[in-house]
Amino acid sequence: MGKPPASALVLGIEGVYPHRLRVLLRSVAWKREQWLPADVQPTSAEVALAQLRCRS
């Protein structure tokens, strides 16, 4: 929202579950023609706020 972050979260991967690959491939997440144009994609802040609202 126009401000630099006060902190960051660094994650490490301990395991990968390859049996979930089939679901990811079926989701068409890798097909660029399915993506929203850049000018209508929400910012990371908007996504985070939407997630917080869903939990309330």
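**Before selecting anything.** This is a predicted model, in which local features need pLDDT of at least 70 and side-chain atom pairs count only at pLDDT 80 or more, while totals for chains, interfaces and linings use all residues. Residues are numbered from 1 along each chain as its sequence is written, and side-chain values use heavy atoms, with hydrogens and water left out.

**The whole chain.** Display the chain as a cartoon: it contains two helices and zero strands (DSSP runs numbered from the N terminus, helices being H or I of at least four residues and strands E of at least two). The chain is more spread out than a compact globule, because its radius of gyration is 16 Å, well over the 10 Å that the globule rule gives for 56 residues. That radius is taken over C-alpha atoms, and the rule is 2.2 Å times the number of residues to the power 0.38. Along the principal axes, the C-alpha trace spans about 40 × 30 × 25 Å. Of the 56 residues, 0% count as buried (buried is under 20% relative accessible area, exposed over 50%, partly exposed in between, with a 1.4 Å probe and protein chains only).

**Select Met-1.** This residue lies in the segment before helix H1 (21-26). Met-1 is exposed, its relative accessible area being 72%. Leaving aside residues up to four places away in sequence, Met-1 touches Ala-45 and Leu-49 (contact means heavy atoms within 4.5 Å).

**Select Leu-9.** Leu-9 also belongs to the segment before H1. With a relative accessible area of 73%, Leu-9 is exposed. Draw a distance to Arg-20, 11 residues apart along the chain: the C-alpha atoms are separated by 25 Å.

**Select Gln-41.** Here the opening question is answered: Gln-41 sits in the loop between H1 and helix H2 (44-55). Gln-41 counts as partly exposed, at 41% relative accessibility. From Gln-41 to Leu-9, 32 residues apart in sequence, the C-alpha to C-alpha distance is 23 Å. Finally, show side chains: that of Gln-41 reaches the backbone oxygen of Leu-36 at 2.8 Å.

Methods. A polar contact is a pair of N or O atoms within 3.5 Å; within protein, one must be able to donate a hydrogen and the other to accept it, and residues adjacent in sequence count only if both atoms are side-chain atoms.
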